[in-house]
Amino acid sequence: MDNEELFELTSDQLEDVEPLTDILDLTDKVAVVSGSVGLALHVVNRLLELGAKVVFGSRTQEWGDLALEVLNDRGYENVAFKQFDTRKVADCQALVAFAEETFGPVDIVVPVAATWQARAFLDIEEDFYDNIIDTDMKGQYFLVQAAARSMVRAGKGGKVVTIASVAHRGDDMTKLAMMTPYNAAKAGVIGMTKGIAKELKQYGINVNCVAPGAMMTPGAIVNCVETVERYGAEWQTDQMTLSEAPLSSTPDEMARMIVTMCTGVSDFMYGKVIEVDGGSDLSFQQKPWSYTMENGLHA
């Protein structure tokens, strides 16, 4: 083959390329999201922006009502809230059933709901451990299962985006740690994502994971209140002074990637983990040395 024929192998494929606006379009897709504040609210907002119909649920009715009010004020009507407890399998199934009754079979599921709290490993009690594991891992597992059943019944494929955290790699509060149940739960989310992805590919369902870094949310503000009460003001002081400055983001910066993975962009992705952490594991160069050095090339 000559160069022109080789080139045409690629150029001819342009005729079948779908417009990116169509790939990102979620019009009439039915999405289920767990959580109603912080990252979850931003995920719901972006899904609605792309045209999806969204059902979201959380334990707190008040936050659900407030979220609905905000979303309706932004002009979104295809959105509904149901109170549910992500730690209970029956509630996960009920949330999906509510979505099917309200909008139809589920196309997308994003189990955002999570909790965490700093506590010394030597002080961890069973109920404390169970609450974090059940919320952050078990809840995701069974909400995804319920949604996947809906997808399989409908026979149209679907998108699953689980939510881990950079905590899966042991990154939490530098020099303080104290996040072992959360570390375990988020590492477990990655393991289950890969396993589920291998099973659901046959049904045309893409299963992937996004692992956010630090972000400013109501949970981040209030989750350590009990920790301060337990360990005293010195713990809070150490948290602020010993920890390196976190690369904190807004929830929307995470939501953009999560929602992108709900679109056709992820059609050829299975079981992958995308870390959106501002480069928290990198040591960034602070100066353009080649320009500032006396003998630099561009001096």
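Buried means under 20% relative accessible area, with a 1.4 Å probe and protein chains only.

The model is a predicted one, in which local features need pLDDT of at least 70, side-chain atom pairs count only at pLDDT 80 or more, and totals for chains, interfaces and linings use all residues. Residues are numbered from 1 along each chain as its sequence is written, and side-chain values use heavy atoms, with hydrogens and water left out.

I begin with the cores. The largest nonpolar core has 33 residues, and those with the most contacts inside it are V33, L39, V43, L47, V54, F56 and V110. Its greatest contribution, six residues, comes from helix α3, residues 39-49; helices here are DSSP runs of H or I, at least four residues, numbered from the N terminus. Apart from this core lies another, of 28 residues, including L143, V144, M151 and I196.

V43 deserves a word. Beyond its neighbours within four places in sequence, V43 is in contact (heavy atoms within 4.5 Å) with V33, V110, V112, A255, I258 and V259.

D252 is buried, at 11% relative accessible area. Its side chain makes a polar contact of 2.8 Å with that of R256; such a contact is a pair of N or O atoms within 3.5 Å, where within protein one must be able to donate a hydrogen and the other to accept it, and residues adjacent in sequence count only if both atoms are side-chain atoms. Again leaving aside neighbours within four places, D252 is in contact with H42 and R46.

Lastly, the cysteines. C209 is buried at 0% relative accessibility, and C262 is buried at 2%. The structure holds zero disulfides, a disulfide being a pair of cysteine sulfur atoms within 2.5 Å.

Key. Buried means under 20% relative accessible area, exposed over 50%, partly exposed in between (1.4 Å probe, protein chains only). A nonpolar core is a set of buried Ala, Val, Leu, Ile, Met, Phe, Trp, Tyr and Cys residues joined through side-chain atoms within 4.5 Å. Helices (H or I, at least four residues) and strands (E, at least two) are DSSP runs, numbered from the N terminus.
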